[in-house]
Structures are given as C-alpha cells and as structure tokens.
Amino acid sequence: RLICMSITPGDTEVIPAADQSLVVRCARGHLWITHDSDPKDVILAASEVYRSEREDALRLHAMDPCVIEIEFDDEVDE
C-alpha cells in the first residue's frame with residue numbers, strides 16, 4: 001500500500017505500529033523521523049528514503065513544508 005501526504009511545518013504524524021515493511025520517502029522538504037524509545041534520530045531531505053528498523057511507534061515531524069510517501073505491506077483479506 002502507498003500513501004502520499006503533505007505535512008505542515010511543525011506538525012507530527014504518528015504511525016502507531018511500524019515494522020520493517022514500512023518505507024518513508026521524503027518527496028519535498030525535510031523530515032525528522034524517530035521511533036519511540038530509540039535514541040537514534042533520522043533526518044530526510046527531498047528524495048531520501050528511510051526503512052523502518054524497529055517494530056514500534058514511528059514519529060514523522062515536518063521541519064518545513066513536506067510531502068512524503070509511506071509504503072508498507074499490509075494483510076488484506078479478499
């Protein structure tokens with residue numbers, strides 16, 4: 001699944017249950033990424049990509065106007 005969204009500077013989006021299937025692409029702007037309880041932070045600039053390394057909440061904070069793409073695997077029963 002792929003989701004594209006804009007984030008206003010200073011706003012934070014939370015993905016409550018990220019896992020290793022989640023990939024974040026910063027299409028525009030600068031994005032600060034952190035997992036709960038993880039001292040490591042990641043800053044993405046436009047065209048950079050981050051793959052989730054942990055299985056817990058992921059916070060995406062817009063440092064300036066951001067457009068991001070979030071791609072993840074999910075189980076959909078058909």
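**View 1. Arg59 and Asp36 pair up in a salt bridge.** The closest N and O atoms of Arg59 and Asp36 sit 2.8 Å apart (a salt bridge is a side-chain nitrogen of Lys or Arg within 4 Å of a carboxyl oxygen of Asp or Glu). Arg59 lies in strand β7 and Asp36 in the loop between β4 and β5, so the pair ties together parts that are 23 residues apart in sequence. Strands here are DSSP E runs of at least two residues, numbered from the N terminus. Both partners are partly exposed: Arg59 has a relative accessible area of 32%, and Asp36 has 26%. For the labels, buried means under 20% relative accessible area, exposed over 50%, and partly exposed in between (1.4 Å probe, protein chains only). As for the model itself, it is predicted: local features need pLDDT of at least 70, side-chain atom pairs count only at pLDDT 80 or more, and totals for chains, interfaces and linings use all residues. Residues are numbered from 1 along each chain as its sequence is written, and side-chain values use heavy atoms, leaving out hydrogens and water.

**View 2. Glu53 reaches Lys40 in another of the five salt bridges.** Here the closest N and O atoms are 2.6 Å apart. Glu53 is in the loop between β6 and β7 while Lys40 is in the loop between β4 and β5, so this pair links parts 13 residues apart in sequence. Glu53 is partly exposed at 44% relative accessible area, and Lys40 is partly exposed at 37%.

**View 3. Asp56 has a salt bridge to Arg54 and a polar contact to His35.** Asp56 belongs to the loop between β6 (49-51) and β7 (58-62). It's buried, with a relative accessible area of 18%, whereas Arg54 is partly exposed at 28%. The Arg54–Asp56 salt bridge spans 3.0 Å, N to O. Salt bridges with shared partners join Asp38, Arg54 and Asp56 into one network. The Asp56 and His35 side chains make a polar contact of 3.0 Å (a pair of N or O atoms within 3.5 Å; within protein, one must be able to donate a hydrogen and the other to accept it, and residues adjacent in sequence count only if both atoms are side-chain atoms). Skipping neighbours within four places in sequence, Asp56 is in contact (heavy atoms within 4.5 Å) with Ile15, Pro16, Ala17, Ala18, His35 and Asp36.

**View 4. The largest nonpolar core has 18 residues.** Such a core is a set of buried Ala, Val, Leu, Ile, Met, Phe, Trp, Tyr and Cys residues joined through side-chain atoms within 4.5 Å. Val24, Leu31, Ile33, Leu44, Leu58 and Leu60 have the most contacts inside it. Leu44 touches, not counting residues up to four places away in sequence, Val24, Cys26, Gly29, His30, Leu31, Ile33, Val49 and Tyr50.

**View 5. Cys4 sits in strand β1 (residues 2-7).** Cys4 is exposed, with a relative accessible area of 53%. Residues up to four places away in sequence aside, Cys4 touches Val67, Ile68 and Glu69. From Cys4 to Leu58 it's 54 residues in sequence and 16 Å in space, C-alpha to C-alpha.

Conventions
Helix = DSSP H or I, 4+ residues; strand = E, 2+ residues; numbered from the N terminus.
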